Amino acid sequence: MAAFLYRHAGSPAFTPPTVSPFTDVPVEAAFYKEITWLASTGISTGWALDGGVREYRPLSPIARDAMAAFLYRYADKPAFTAPPVSPFTDVPAGGGFYTEITWLAGAGISTGWDAGNGARQYRPFDGIARDAMAAFLYRYAGQKTPADPGNPAAGTVTVAPDVEVLEPAQLQTAQVTTNTIALPSDQATDIKPNDVLVSGATTGTPDGLLVRVVQVVRDPGGTTLVKTKPATVPEAVVSTGGLLEVTGTPVSSEFIPAPDVVVEPDTAPTSTRTGPATTPDMARPYAAASAEVFNKSMVLSRTVKGEFGKPDAPLTGDGSVTLKSSVTAKATAKMTLETAFLSLKEVSVVITPSIKAEHSLTAQGSLKGQVTAKLGELNSAFTFMAGPVPVVVTSNATMNANFSLDGNAEVVFSSSQTVTSNHGFKYNNGSFNLVNDKPTTAGIENEYKASASLTARASLDFDATMKLYGIAGITFGIGPYATTTITVTAASGQDLTWTCPLELGVEGRLGVLAGIKILGFDLGEWKATATNTWPLFTANPCQNTPVIKPQPTNPNPTPTPTPTPTVPAGFGNVKEVSVNGASTHALKYDGTVWAWKLEGNADTGIVTDSSVPEQLPGLSGIQDIETGAYSTLALKDDGTVWSWGYNMGGELGNGTTSPSMIPARIQGLTEITKIFNGDSAAYAIKNDGTVWSWGSNGYGELGRPASNFATEPGQILEVTGVVTLVTGIYSTYALKDDGTVWAWGLNQNGQLGNGNRGSAYAPSQVLGLSSVKALKADNFSAVALLKDGTVMTWGHNGYGQAGVGTTTDVLIPVTVSGVSGIAEVETRFYSTYAIGEDGSVWAWGRNEYGRLGIGSTVNSSTPVQLAGLANVKDISATYWSAYALMTDGSVRAWGANGHGQLGNGTTAHSSIPVTVQGLTGVVEVIAGFHQQYALKDDHTVWAWGYNEFGELGNGTTVDSHVPVPVGG
């Protein structure tokens with residue numbers, strides 16, 4: 001150790017004494033010069049013995065506490081105040097070498113070992129080996145790093161010695177999940193347990209990376225599997241030279257416009273200096289002193305007609321209005337950071353958007369209501385560079401233009417303003433506050449023309465979610481608005497005069513996601529949200545002035561006829577579509593049932609095969625149809641149930657196991673209100689809330705005493721007051737009117753939620769569930785949506801479909817963290833989806849072909865929000881694909897596409913949502929297997945995808961990669 005330090009000091013000129021100061025180090029000993037130099041500097045003076053002599057003990061091992069003391073003295077005992085609370089569980093405050101050890105940690109030379117649960121150990125009495133000695137000296141020499149290489153005034157940061165900054169080349173083919181990284185072994189040679197791995201936004205880590213290594217499993221020449229757990233920023237940046245201020249640096253920006261929005265050319269981000277050109281794979285973008293993290297401009301022009309006699313229409317009346325909006329959205333971002341002793345002292349993240357909104361309303365006639373026009377979605381990524389450590393922020397924002405009118409007049413109203421505001425948070429020594437400053441406005445311009453009194457309002461909604469490392473962050477909304485009430489008056493014998501009081505302002509909200517634990521502090525269940533409305537400008541430019549009327553654009557307009565939807569010949573008026581593995585059925589509003597598909601005509605009820613819809617004979621007055629695996633049920637208006645199809649397990653309920661191509665009534669069932677058809681068993685709910693079952697019973701799926709099957713209906717005595725049922729594979733779930741859930745049948749994966757794996761032939765209550773609003777079942781698992789918007793899951797979890805961060809089966813329902821305010825859930829073939837009340841979509845579980853829609857094909861055991869997808873109304877899923885019905889009646893799709901089932905004109909799989917071509921006015925998407933169906937508001941059915949056996953019902957057996965009309 002003496003030789004190491006002597007050489008590290010540059011081998012200074014030194015003449016060793018002729019008489020050794022130590023009894024155990026003779027003048028001819030190896031390293032005599034180095035040892036006596038060390039003693040002369042006061043770094044190590046050895047041990048005092050009786051008689052005034054000293055020993056150096058050159059062959060004794062050096063403990064880690066003594067090593068800290070040596071380096072502290074070697075550094076000339078720098079000014080340092082030891083923390084009052086020890087950062088290590090095995091080093092008591094005020095103990096031996098406490099100042100030296102905490103100085104060593106604060107300098108980043110040695111930060112000890114992770115002991116779990118946020119605790120760390122220094123292990124002061126362990127010996128120092130030569131390799132550790134080399135590491136200490138290396139870190140001592142290079143422990144401090146410029147916060148910004150181009151700005152010396154920015155100060156320094158001390159990076160933890162175990163930090164490994166991964167480069168894009170290492171991650172190019174890596175597969176990154178919540179707690180694992182799989183990458184080629186030649187790219188993982190330097191990764192070892194306890195390392196902190198960090199990365200910027202790269203192809204392999206689009207949200208960046210900040211994790212601690214738990215285990216490394218190496219396969220030389222193959223793939224190395226790195227098991228990880230989340231780390232925090234103070235674990236990477238152990239101390240800063242005071243308060244560090246960092247400006248966000250743009251990495252990428254993408255705007256997805258609505259169909260009728262024109263995007264103007266990008267405005268180049270401004271910067272006080274430039275660096276090397278960025279590429280999509282840059283892990284550490286060059287830090288600019290000031291840069292816009294996004295800058296997008298767009299123009300929308302839309303004309304909307306009022307709908308007379310339709311009170312539920314967005315805009316009622318006999319007039320029309322044209323909205324023109326020009327919007328420029330840009331923003332800068334800033335982070336402050338101060339860390340010391342492996343702990344966080346202060347951190348803040350503030351986003352400063354600047355929104356310029358120009359709106360023009362031209363209205364004619366009588367109008368009342370509000371219309372929202374989507375501008376598009378803005379996705380961006382930017383980075384705060386704390387020295388070499390990138391703090392990655394990803395942003396997803398939606399923009400909508402809104403206008404409302406109330407009156408009967410010809411009006412031109414235009415308004416323009418630019419609004420700037422600060423949104424974010426600040427943590428300082430245990431105190432947490434939201435930053436939601438009052439906005440400022442500039443560039444105000446307004447114009448009015450009117451023929452009569454009218455109230456008008458135009459506004460913009462900019463709603464954004466910004467996440468650090470894709471995990472936690474802030475959600476905020478900023479909505480500049482302009483509102484006016486034009487009042488036209490006339491005094492006797494005088495010209496018309498008017499008033500037009502104007503108010504310009506901003507509506508805003510701000511919240512925090514997941515407590516921002518990744519920055520080094522935890523808010524627990526902190527869920528407060530700040531909401532504000534700021535009136536910023538008022539005026540009345542029309543006060544007591546002559547009315548200015550708009551010039552008519554066409555004094556004698558020719559009425560534009562309303563187009564009549566084209567209905568496919570011979571097939572329309574459809575109320576419901578139901579599909580299974582053998583056939584497709586459609587229920588019309590007149591109570592008739594139609595079916596098609598060439599394969600399995602016993603199930604269709606049609607004697608001859610058909611690739612176009614044909615009416616089923618003998619059925620009328622039908623109000624509901626339900627298809628099982630290979631059989632179909634129909635519920636009539638009189639409360640009776642009819643069945644047809646295959647019947648191997650008695651699922652037709654007709655007292656036999658023989659198939660039937662002719663619909664026949666199930667005897668003994670009356671006053672039925674709902675029917676359900678599983679894979680091999682069927683169920684009905686009567687108007688008194690009782691449940692009746694028939695069919696296969698190999699695992700107890702009938703919920704009542706029976707042999708392997710029952711060919712006639714029987715009551716399940718243990719459940720009453722049932723609202724609805726859902727079925728998995730050989731398992732059944734009942735939601736009761738008291739909000740509880742009861743289950744029976746197969747339980748090999750704990751899907752019954754009763755804490756064990758034993759199958760049950762009678763219903764038992766699912767543990768820990770109450771106030772359930774909706775229920776969905778997959779093959780061997782289930783999902784419950786509670787009335788408060790939380791989601792609970794249980795059962796099979798081999799692909800992470802429970803959403804709880806593991807792949808271990810869940811025997812009792814657990815709450816899915818990271819999602820709240822959920823309006824709807826869906827689960828299919830080991831993938832789970834949730835729609836937020838705000839129209840966002842989250843997904844987790846199995847991800848072959850990218851069917852989670854999250855931009856990869858890697859399974860996810862925790863919820864991931866689908867980027868670029870908002871305003872979703874409903875989700876339906878198949879085995880390999882998923883479909884989102886949008887609030888505007890269009891459809892998005894993602895996943896497998898080998899038969900064109902995404903409907904986008906190609907057969908290329910997609911791990912992100914794509915638009916199904918040519919579909920508007922859709923009210924429901926019905927998921928088949930490799931073919932899909934859409935029911936439109938004109939009661940027609942459209943289909944696309946696989947068609948070998950006539951599944952699409954269009955008279956052919958050729959796949960279609962875009963929707964085609966059924967029966968057309």
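**Phe829.** I started with phenylalanine 829, which counts as buried because its relative accessibility is 14% (buried means under 20% relative accessible area, exposed over 50%, partly exposed in between, with a 1.4 Å probe and protein chains only). I found phenylalanine 829 in the loop between β53 (822-828) and β54 (831-836); helices (H or I, at least four residues) and strands (E, at least two) are DSSP runs, numbered from the N terminus. Its phi is positive, near 50°, and the residue is not glycine. I noted that because most residues other than glycine have a negative phi.

**Ground rules.** I kept in mind that this is a predicted model, where local features need pLDDT of at least 70, side-chain atom pairs count only at pLDDT 80 or more, and totals for chains, interfaces and linings use all residues. Residues are numbered from 1 along each chain as its sequence is written, and side-chain values use heavy atoms, with hydrogens and water left out.

**Phe97.** Next I looked up phenylalanine 97, with a positive phi near 55°. Phenylalanine 97 sits in the loop between α3 and α4 (98-106). I put it down as partly exposed, because its relative accessibility is 32%.

**Helix α3.** I went back to α3 (residues 64-74) and found it mostly covered, with 10 of its 11 residues buried. Among the buried ones are Met67, Phe70, Leu71, Tyr72 and Tyr74; Arg64 and Asp65 are on that list too. After α3 comes aspartate 76, with a positive phi near 70°.

**Trp47 and its patch.** Trp47, Leu49 and Val53 make a nonpolar surface patch of about 240 Å². I checked what a patch takes: residues with over 30% relative accessible area and no salt bridge, with like charges joined within 9 Å and nonpolar side chains (Val, Leu, Ile, Met, Phe, Trp, Tyr) within 5 Å. A salt bridge here is a side-chain nitrogen of Lys or Arg within 4 Å of a carboxyl oxygen of Asp or Glu. Tryptophan 47 belongs to strand β1 (residues 47-48) and counts as partly exposed because its relative accessibility is 42%.

**Sheet β61 to β64.** Last, I traced an open sheet of 4 strands, ordered β61-β62-β63-β64, with antiparallel pairing (two strands pair if DSSP finds at least two bridges between them). β61 (922-927) and β64 (960-965) are the edge strands, each pairing on one side only. On average, neighbouring strands of this sheet are turned by 20° against each other, direction ignored; axes are lines fitted to C-alpha atoms, for helices over the stretch in contact, and angles run from 0 to 180 degrees between N-to-C directions. Strands β62 (residues 931-936) and β63 (residues 941-945) run antiparallel and are joined by 5 bridges. I picked out tyrosine 933, whose bridge partner in β63 is alanine 943.

Note on methods
Areas by Shrake-Rupley, 256 points an atom, 1.4 Å probe, with all protein chains shown as cover.
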